[in-house]
Amino acid sequence: MTSPALQTRGLRKSFGTQEVVCGVDLSVAHGECFGLLGPNGAGKTTTLKLCLGLIDPDSGEARLLDHDVPARAREARAKVGVVPQFDNLDPDFTVAENLAVYGRYFGMKDSQIEARIPGLLEFAGLNGRANSTIRTLSGGMKRRLTLARALVNDPQVLFMDEPTTGLDPQARHLIWERLRQLTQQGRTLILTTHFMEEAERLCRRIAIMDHGRVIAEGSPRGLISEHIEPQVVEVHGPGSDLWMERARTLAPRVERAGETVFCYAAQVEPVIEDLRGQSELAYLHRPANLEDLFLKLTGRDLRD
Amino acid sequence: MNARLYAPPALSLRFIPVWRRHFLVWRKLALPSILGNLGEPLIMLFGLGYGLGAVMGEIGGVSYFAFLAAGFVASSTMYAATFEALFSAFSRMHVQKTWEAIVNAPMTLDDVLLGEWAWAVTKSLAAGVCMLAVIALFGYAKSALALAAIPAAVLIGLAFGALGLCVNAIANGYDFFSYYMTLVLTPMMMLSGVFFPVDQLPGAVLAIAMALPLYHGVEIVRPLLLGSFPSNLLLHVGVLVAYSAAGFYVATVLTRKRLLN
């Protein structure tokens with residue numbers, strides 16, 4: 001297959017007077033893990049819903065697995081799995097019943113679904129929990145069951161809206177490990193996240209969204225080296241605001257957020273040299289990451 | 001885009017998995033559900049039917065119990081469909097986000113709504129059949145004609161399931177349903193000849209009554225239970241079918257507006 005798994009052109013969507021998605025062009029190749037990043041309210045979830053044909057765009061077009069969306073969304077979604085932002089498992093059902101009932105929505109026969117359930121439970125690390133009720137599952141288990149449910153139809157493409165939000169580090173690492181397995185199986189993954197670490201670890205390519213627009217696109221490393229100085233020194237402590245004035249002569253870009261001063265540079269030795277003489281100031285030297293890029297592109301203002 | 005919003009509901013057999021989901025939940029919670037559906041109308045029926053019946057004597061040549069029993073078959077059918085289309089559908093739509101999970105599969109909102117409607121009708125059918133069985137057990141079903149009240153219960157379920165889904169589509173919380181229950185259904189129950197004959201009501205009030213779907217439901221069910229063929233059957237069926245069709249269309253458009261825009 002040479003056509004992309006997902007392609008959108010000029011997608012736009014307004015709710016009331018507010019335009020939430022303002023002309024989004026995306027292209028995701030088969031087998032790729034693609035991340036959509038952005039602060040809260042950037043339009044990530046709405047973009048996913050438009051790609052899935054769950055809401056109608058005001059203008060623009062989308063093609064998912066060679067089907068026009070939303071016109072042929074039913075055909076497209078037959079080969080797609082979705083992990084929503086908030087778990088919506090059926091609380092009245094057991095683990096196995098959740099999978100069985102969901103498989104029927106894809107027109108699968110009960111015997112077909114039954115045959116898939118043991119493998120799905122194995123994948124989700126829920127062996128022996130087939131007859132557990134949803135209430136007895138931990139947050140991580142529910143998330144894994146939601147992932148298993150999205151795989152019931154053996155989808156080519158998996159959409160995930162913030163797959164690890166609200167999970168503890170152990171649970172998050174387990175999900176990441178499973179998602180890597182899925183890409184190794186050749187499936188296409190499209191996820192939204194605001195965890196930069198998640199995007200850096202999983203995604204081959206990312207797009208950063210803000211105010212309904214894609215403002216940068218590329219590989220995580222490529223974007224960092226393109227947009228940002230490779231080294232960062234974070235400085236805090238009494239007198240840091242005074243020191244900041246001097247720092248401006250030592251590093252090409254110096255920013256302040258709250259009590260912390262951020263110095264970005266290709267060569268940070270002059271900054272560190274100077275800090276060694278400042279016993280009052282604490283500092284951390286680290287390589288630039290996706291979070292720095294993200295903050296540079298979308299600003300440090302709080303989003304609600 | 002507006003054309004999609006106002007298009008008639010796309011009826012497809014895809015609703016069956018949705019219906020089966022609701023049935024599976026019901027099977028797990030059947031006992032309290034049956035008690036809720038039947039307990040109250042039966043207690044009311046026996047209390048009012050025997051208690052009030054003792055001082056009322058006969059109405060139109062039949063005992064008050066027999067008169068009231070027929071009315072309660074219609075009204076409990078109405079309430080069974082209503083509760084399902086209001087409270088249960090709202091839980092699935094808004095609280096548990098079950099609908100959202102379903103439409104992520106190759107299902108549409110129209111499939112989900114059709115499944116909800118079919119399920120509400122199933123619940124009213126079950127309520128109607130149970131009421132009929134109890135009434136027959138006590139000897140108040142006069143002839144085999146009473147069996148024809150079963151399809152009548154389906155019609156009542158269709159009408160009130162559709163109306164309930166309209167209310168569900170605009171609800172902002174469970175409390176919202178009090179308006180519909182208190183301001184619409186309770187007066188409708190009073191005006192539709194469930195408790196007393198309506199022909200002695202003032203003309204203007206009678207005219208309102210005749211526009212209400214429950215009135216036509218009672219007009220079909222009561223003669224069937226008392227052993228005679230309903231008069232003006234086509235009119236009564238026609239009104240219930242009209243409420244069902246118009247109600248489901250409006251429910252579909254309102255729900256699309258709520259969830260797809």
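Residues are numbered from 1 along each chain as its sequence is written, and chains are lettered from A and ligands numbered from 1 in the order in which they are written. Because the model is predicted, local features require pLDDT of at least 70 and side-chain atom pairs count only at pLDDT 80 or more, whereas totals for chains, interfaces and linings use all residues.

Chain A is divided into domain 1 (6–225) and domain 2 (229–287), with bounds taken from an automatic or database domain assignment. The C-alpha centres of these two domains of chain A are 40 Å apart.

The contact between the chains (C-beta atoms, placed from the backbone, within 7 Å) involves 19 residues from chain A and 21 residues from chain B. On the side of chain A, α2 (73–77) and α3 (95–104) each give two or more residues; α3(A) provides the largest share, four residues. Helices (H or I, at least four residues) and strands (E, at least two) are DSSP runs, numbered from the N terminus.

In chain A, four strands form an open antiparallel sheet in the order β12-β13-β11-β14, where pairing requires at least two DSSP bridges. Because β12 (253–257) and β14 (282–287) of chain A stand at the edges with a single partner strand each, one side of each is left without a neighbour in the sheet. The twist averages 20° from one strand to the next. Strands β11 (231–236) and β13 (260–265) of chain A are antiparallel and share five bridges, with A:V235 opposite A:V261 in β13(A). Helix α10 (269–276) of chain A lies across β11, β13 and β14 of chain A, at about 25° to β11(A); axes are lines fitted to C-alpha atoms, for helices over the stretch in contact, and angles run from 0 to 180 degrees between N-to-C directions.

Notes: Contact = placed C-beta atoms within 7 Å.
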